[in-house]
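This report describes selected parts of one protein model in plain terms. Please look at the sequence and the 3D view before reading on.

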Amino acid sequence: MTAGPQVVVVGGGPAAAALVHGLHRGGHEGSVVVLAGEGCTPYDRTAVSKGLLTGEVPAAPELFPEVLTADVVRHADVVEIDRAAREVVTGDGDRIGFDRLVLATGAAPRVPPVPGLDGPHASTLRDAAEATVLAERLRPGARLVVVGAGLIGLEVAAAARVRGASVTVLEAAPTALGRVLPTAVSEVVLSRHADEGIDVRLGTPPSAVVSSSSSSGQAAIVLADGTELPADHVLVATGVAPRTDLAAAAGLAVDDGVLVDERLVTSDPAIMAIGDVARVRAADGTTTRHEAYTPAMAMGQHAARTILGEPTRFVDVPWSWSDQLDLSIQVAGWPDRADRWVIRGSAEDLEAGLFAFGVRDGRLVAATGVSRGRQVGRIVRGAQALVAAGLDVDDAALADPSTDLRRLARTG
């Protein structure tokens, strides 16, 4: 008999890894089983669209290998949750009992309903195996077309240019990076891509992907005006959708994510959800999903504390970063909630950095920035603390480079 509750985790991403690590550090006395369908132990997924593509990282670094051992991580797909029996069922028919079940099933790439985008000339990028295949295609002179000018799409574009490939990026929206950056910042990023020879076309969705009839590429991307772009490969980077099928089939509350409360508990008190799949309820009654590495890790750590008997509210302010060419980009908070932006810095001095602070109802809700080097981190991380404090802010103080935002958050 186990000395504590059996915890079963479905999914092997960073949220799951942080959960197991947190349980280990907290002295959890029960058993822990991680059911990871990817066929490998949890690893640092930030390398997928960065170092694995440029070749700077030869293999994705494992996360917490000292606790995520072979007797903890099982390579099995879960096909059913039997809530009445408190068991999960694997694809091989095994039934594994749980006292506490944690869903960390992540998200899957969204592929627009465009003919050919799901065909042999196109791929998505979500895991290390896909990154390895894509990296082999990014050879000098190869033609890559990226569909989607979000963070992942532009990271891939930058990596492809580093490898010597020719890159065209197609974005259906009139702006790039629209979910995370205001125009003042995104235009700086696009300008740097243009300087590197990356052709970013806004307001230009593909109409189809077809096999090429010429020798100039393996495929051709057809645009609305009939123009054809030759390509050796097409990378689809148009966002992700939470993997909620398992939860929905089990009767859990689902709405573009598995609905969880402030403790990350689902509509079943024995089941939690963390990472990209979880839609968290905030104190103001709104809900949100976090699609980034650091919030996933924070959720895993928080879920561990809940299981260990410390059921506090999850109040983490999301933060993410992106390295593109020689630029470092950081985002904290919720850019989609901002109704206006306050600018600090200048596009002409990226050593010092350009920053945009999102304000709503007089309070800071988001901070974004771009710089050469790591200067951006000091400002955006400081602003993250101010977002968490929920204080009223003064536009002049935000715009003033001499204002220490972290100190402002402490003093209120």
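Where is the place of Thr105? Thr105 sits in the loop between strand E7 (100-103) and strand E8 (107-109). The model is predicted: local features need pLDDT of at least 70, side-chain atom pairs count only at pLDDT 80 or more, and totals for chains, interfaces and linings use all residues. Residues are numbered from 1 along each chain as its sequence is written, and side-chain values use heavy atoms, with hydrogens and water left out.

Helices (H or I, at least four residues) and strands (E, at least two) are DSSP runs, numbered from the N terminus.

Thr105 and Gly12 are 93 residues apart in sequence, and their C-alpha atoms are 7.7 Å apart in space. Leaving aside residues up to four places away in sequence, Thr105 touches Val10, Arg243 and Val277; contact means heavy atoms within 4.5 Å.

Thr306 belongs to helix H7. Thr306 counts as buried because its relative accessibility is 6%. Buried means under 20% relative accessible area, exposed over 50%, and partly exposed in between (1.4 Å probe, protein chains only). Not counting residues up to four places away in sequence, Thr306 touches Arg263, Met272 and Pro311.

**Two helices in contact**

Helix H1 (residues 14-25) and helix H7 (residues 293-307) pack at an angle of about 35°, and their axes are 7 Å apart. Axes are lines fitted to C-alpha atoms, for helices over the stretch in contact, and angles run from 0 to 180 degrees between N-to-C directions. The crossing of H1 and H7 is right-handed. A crossing is right-handed if the near helix is turned clockwise from the far one by less than a right angle, and left-handed if anticlockwise.

On the H1 side, the residues that meet H7 are Pro14, Ala15, Ala18, Leu19, Gly22 and Leu23. Their counterparts in H7 include Tyr293, Ala296, Met297 and Gly300. The residues of this contact divide into eleven nonpolar, three polar and no charged. Here Ala, Val, Leu, Ile, Met, Phe, Trp, Tyr, Cys and Pro count as nonpolar, Asp, Glu, Lys and Arg as charged, and the others, Gly among them, as polar.

**Aromatic residues**

How many aromatic pairs are there? The count comes to two. Rings of Phe, Tyr and Trp (its six-membered ring) pair if their centres lie within 6.5 Å; planes under 30 degrees apart count as stacked, over 60 as edge-to-face and the rest as tilted.

| Pair | Centre to centre | Angle between planes | Type |
|---|---|---|---|
| Tyr293 and Trp321 | 6.4 Å | 90° | edge-to-face |
| Trp319 and Trp321 | 5.5 Å | 25° | stacked |

Tyr293 lies in helix H7 and Trp321 in strand E22, so their pair ties together parts that are 28 residues apart in sequence. Tyr293, Trp319 and Trp321 form one aromatic cluster. Trp319 counts as buried, at 12% relative accessibility, while Trp321 counts as partly exposed, at 23%.

**The five-stranded sheet**

Five strands form an open sheet in the order E22-E23-E26-E25-E24, with antiparallel pairing. Two strands pair if DSSP finds at least two bridges between them. Strand E22 (319-324) and strand E24 (340-345) are the edge strands, and each pairs on one side only. On average, neighbouring strands of this sheet are turned by 15° against each other, direction ignored.

E22 and E23 pair over six bridges, and Ser322 has Ile329 in E23 as its bridge partner. These two strands form a hairpin with two residues between them, and Leu325 in the turn has a positive phi of about 55°.

**The three-stranded sheet**

Another open sheet has three strands in the order E18-E20-E21, and its pairing is mixed. Its edge strands are strand E18 (258-260) and strand E21 (287-289). Neighbouring strands here are turned by 30° against each other on average, direction ignored. Strand E20 (residues 278-281) runs antiparallel to E21, and three bridges join them. The bridge partner of Val280 in E21 is Thr288.
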